[in-house]
Every structure is written in structure tokens, then in C-alpha cells.
Amino acid sequence: MAYWLMKSEPDVFSIDDLAREPGGRTHWDGVRNYQARNMLRDDMRKGDLVFFYHSNCEVPGIVGIAEVIREGYVDHTAFDPDDKHFDPKSSPDKPRWYMVDIRFQRKLDRTISLKELKALSDGKLRGFPLVQRGNRLSVMPITEAQWQLVLALE
DNA sequence: GCCAACGTTGGC
DNA sequence: GCCAACGTTGGC
């Protein structure tokens with residue numbers, strides 16, 4: 001089993017929004033970055049666990065846990081001209097973008113803030129991709145050790 | 001709202 | 001294939 005971190009702007013889709021979805025499930029559409037796409041399409045497996053991260057908000061940080069329940073499949077929102085993430089270069093015969101389905105597992109007891117994670121980036125959390133300079137991927141792999149370290153902070 | 005750090009696009 | 005211009009992300 002692998003571990004991931006996925007970013008979402010809470011104003012757009014928060015951990016509470018995920019919890020409110022029927023069955024706590026949603027499809028993770030709208031990723032339009034090739035590196036992230038490759039992970040969604042090729043690497044994420046059913047049963048993998050995901051840290052749900054709130055970005056671009058008052059207290060950016062890890063707020064909850066979700067589980068991958070469906071592996072990579074075509075992101076059909078790219079075909080919809082009315083969709084915010086419409087991409088005319090993606091078509092059903094030649095799809096360019098992929099997504100997975102995730103299911104809400106739980107909220108953390110508290111937000112593990114970016115600030116707190118950064119403070120550990122020279123020590124215990126060295127190499128944690130979220131706090132590596134310049135990393136703006138919205139989906140990133142993390143190690144089991146990193147997963148456990150973050151949970152220990154909770 | 002600013003801006004650093006990237007990624008993408010497209011002319012050449 | 002290079003690289004300038006432009007767009008996006010996301011912390012602050």
C-alpha cells in the first residue's frame with residue numbers, strides 16, 4: 001500500500017465537502033499537470049491512503065485522511081466546454097487527463113499546519129515533498145515513515 | 001494583492 | 001531544440 005498527499009482549496013472543495021458527499025466519495029477531477037496525471041493514472045492503487053491538504057487558505061495544512069477506492073480512469077470533465085478545467089486537446093479517443101475516486105475516512109483531530117511541517121523539514125521530515133522548495137504538485141507521493149511521522153503529530 | 005517558482009506554449 | 005512570454009500555483 002502506498003501513501004499520498006492531495007491538495008485542495010477549501011473554498012472550492014474542502015474535507016467537509018468530501019465528508020458530505022454521498023458515501024463520502026468523490027472523483028478527483030481537474031488535475032491538469034502531467035506529473036500529477038501520471039501518478040493518478042499509473043501509480044495510485046485501491047486501498048492507498050491519502051492525506052487531504054487544504055491550500056490557499058488561512059491555515060494551510062493537512063486536515064484529514066481519505067482512501068483511494070477507484071484507480072486511474074479518464075477525466076471526462078476535460079471534454080466539457082462548460083467545465084472550468086475544459087481542455088480542447090483532450091478527447092475521448094485520445095484522453096489526456098485522468099482521475100481517481102477517493103472516499104472520506106476521517107478528519108484529523110486538528111490541522112497539522114504547513115508551518116508546523118516546515119519547522120520539521122530540516123529534521124524528522126527531511127525530504128517531505130510538501131515542504132520541498134518549489135514543489136507545487138497537487139498530488140504527491142509520501143513514504144510510510146513520513147505518513148507515520150505526520151500522524152504522530154496529531 | 002504580491003511575487004517566486006514553476007509549467008506550458010509557440011515562434012524561430 | 002531553444003527560449004521568451006505568458007499563465008498558474010500557492011504561501012504570505
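Which residues surround DNA strand B? In this predicted model, local features need pLDDT of at least 70 and side-chain atom pairs count only at pLDDT 80 or more, while totals for chains, interfaces and linings use all residues. Residues are numbered from 1 along each chain as its sequence is written, chains are lettered from A and ligands numbered from 1 in the order in which they are written, and side-chain values use heavy atoms, with hydrogens and water left out.

DNA strand B is surrounded by Tyr-34, Lys-89, Arg-133, Gly-134 and Arg-136; a residue is near a strand if one of its heavy atoms lies within 4 Å of it. Of the atoms of DNA strand B that come within 4 Å of the protein, 65% belong to sugar and phosphate. The bases also take part: a base oxygen of DNA strand B lies 2.8 Å from a polar side-chain atom of Arg-136, a polar contact being a pair of N or O atoms within 3.5 Å. By class, this surface has 3 charged residues, 1 polar and 1 nonpolar. Here Ala, Val, Leu, Ile, Met, Phe, Trp, Tyr, Cys and Pro count as nonpolar, Asp, Glu, Lys and Arg as charged, and the others, Gly among them, as polar.

Gly-134 belongs to the loop between helix H3 (114-119) and strand S6 (139-142); helices (H or I, at least four residues) and strands (E, at least two) are DSSP runs, numbered from the N terminus. Gly-134 counts as exposed because its relative accessibility is 67%; exposed means over 50% relative accessible area, buried under 20% and partly exposed in between, with a 1.4 Å probe and protein chains only.

Around DNA strand C stand Lys-7, Tyr-53, Ser-55, Asn-56, Pro-60, Leu-114, Lys-118 and Arg-136. Sugar and phosphate make up 73% of the atoms of DNA strand C that come within 4 Å of the protein. Arg-136 has a side-chain N or O atom 2.8 Å from a base oxygen of DNA strand C.

Aromatic pairs number 5 in the whole structure; rings of Phe, Tyr and Trp (its six-membered ring) pair if their centres lie within 6.5 Å, with planes under 30 degrees apart counted as stacked, over 60 as edge-to-face and the rest as tilted. Tyr-3 and Trp-147 form a tilted pair, 4.8 Å centre to centre with 35° between the planes. This pair joins strand S1 to helix H4 (residues 144-153), across 144 residues, and both Tyr-3 and Trp-147 are buried. The pair of Trp-28 and Phe-52 is edge-to-face because the ring planes stand at 85°, with centres 5.6 Å apart. Trp-28 and Phe-52 are buried.

Definitions and conventions:
Polar contact = N/O pair within 3.5 Å; in protein donor to acceptor, adjacent residues only side chain to side chain.
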